[in-house]
Amino acid sequence: MTPPGRRRATIHDVAAEAGVSRGTVSRLLNGTSYVSSEAREAIERAIAKVGYVQNTAARNLVTQRSRAVGFVVHEPHELFLDDPNIGAILLGANEVVSEADFQLVVLVLDSERDSQRVADYLRGGFVDGAVLVSARQHDTIAGAVERLGLPAVFIGHPPGHPAIPYVGIDNRSAACAVTRRLLDTGRRTVAMVASALDRDSGADRLAGFRDALGERFDPRLVVDHPLYSYASGLEGARELLRREPGIDGIVAASDAVAAGVLEALRQAGRAVPDDVGVVGFDDSAWALRCVPALSTVRQPARLMGRRAAEMVLAQVQGAETRPGGTLLDTEVVWRASA
């Protein structure tokens with residue numbers, strides 16, 4: 001902030017100090033055309049000397065750009081704060097956006113009212129593009145983004161919006177792999193606490209679990225909860241034990257869910273892994289907090305955030321939007337819980 005009584009430095013002051021025209025200063029600040037290295041150095045020295053701070057709002061009016069990217073998360077507020085996977089995706093996206101001198105704007109949707117408010121915000125031109133996290137089938141925001149033609153990328157690939165590219169993982173194959181690894185330890189009665197079946201990640205993880213079991217799949221040994229949360233795992237495991245006390249293996253749809261499963265088993269007096277083997281999904285901070293440490297699927301959450309942001313910025317710069325997307329590699333990480 002300019003101190004009281006002191007005039008704020010202007011672009012004219014910069015030009016006079018640097019010995020160049022106002023237009024040359026403007027071209028450098030707005031990035032609209034080439035400026036020689038000598039002029040650039042003189043202008044940068046002048047900016048530092050006179051204390052010039054660019055009026056971003058005015059620049060945006062000229063360039064028709066906000067230089068901001070929305071990070072839109074469709075989750076309850078408390079889950080957004082508690083989910084290390086979302087946090088890692090956000091950090092990865094922010095790294096790329098910051099490197100490009102853009103600002104990341106976080107928008108969290110917890111209700112239909114939030115969806116309408118955020119849709120209006122996106123229509124207002126306050127962001128140049130968006131990374132969409134945790135989108136559901138027939139998602140209101142995804143539909144609004146599609147109609148606006150706003151540069152955007154999904155984390156994951158929800159059905160119904162083929163025009164928006166995505167970056168994600170093969171949740172189905174990864175869930176199948178970790179379930180098979182659990183079965184290879186000799187477990188015979190294996191259940192699943194599924195979550196988030198209204199989005200591609202949850203539905204695909206359940207499909208992978210079913211693939212691994214084949215003819216042994218028993219729908220009675222699957223419970224589902226709407227969120228990837230500790231509470232979902234706690235309640236889900238309790239329900240599974242009521243249905244079948246002899247369960248000796250549980251696949252959890254996420255590491256947070258698995259942490260709740262472990263607590264339910266502890267309360268029931270079931271030892272892990274001696275009585276029941278437990279596996280999760282994500283290899284998030286939850287996995288190492290758990291006792292015993294959690295066997296899980298490692299997905300590159302931070303890299304997904306980076307790739308998504310890179311794809312959005314490429315679209316903002318005029319790159320052609322191609323349908324489809326990119327799937328990143330995962331691996332099963334085996335620890336003490338199974």
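**Close-up 1. The buried residues of helix H9 in this predicted model.** Asn171, Ala174, Ala175, Cys176, Val178, Thr179, Leu182 and Leu183 are the residues of H9 that are buried. An α-helix has 3.6 residues a turn, so residues three or four places apart point the same way. Helix H9 covers residues 171-183, and its 13 residues should span 18 Å at 1.5 Å a residue; the end C-alpha atoms are 18 Å apart, so the two agree.

**Close-up 2. An open sheet of four strands.** Reading across, the order is S7-S6-S8-S9, with parallel pairing. Strands S7 (222-225) and S9 (277-279) stand at the edges with a single partner strand each, so one side of each has no neighbour in the sheet. On average, neighbouring strands here are turned by 15° against each other, direction ignored.

**Close-up 3. Strands S6 and S8, with helix H10 lying across.** S6 (residues 190-195) pairs with S8 (residues 249-252) in the parallel sense over four bridges. Look for Ala191, whose bridge partner in S8 is Ile250. Helix H10 (residues 200-213) lies across S6, S7 and S8 and runs at about 165° to S6.

**Close-up 4. The largest nonpolar core and a second, separate one.** The largest core has 48 residues, and those with the most contacts inside it are Val69, Phe71, Val131, Ile155, Met192 and Phe209. Helix H14 (residues 301-316) gives the largest share of this core, seven residues. Leaving aside neighbours within four places in sequence, Ile155 is in contact with Ile89, Val131, Leu132, Val133, Val167, Met304, Gly305 and Ala308. The second core has 26 residues, including Ala191, Val272, Val276 and Leu294.

Conventions
Residues numbered from 1 in each chain as written. Predicted model: local features only at pLDDT ≥ 70, side-chain atom pairs only at ≥ 80, totals over all residues. Heavy atoms only, no water. Pairing = 2+ DSSP bridges. Helix = DSSP H or I, 4+ residues; strand = E, 2+ residues; numbered from the N terminus. Axes fitted to C-alpha atoms, helices over the stretch in contact; angles between N-to-C directions. Contact = heavy atoms within 4.5 Å. Expected span 1.5 Å × (residues − 1). Buried < 20%, exposed > 50% of the residue type's maximum accessible area, 1.4 Å probe, protein only. Core = buried A, V, L, I, M, F, W, Y, C linked by side-chain atoms within 4.5 Å.
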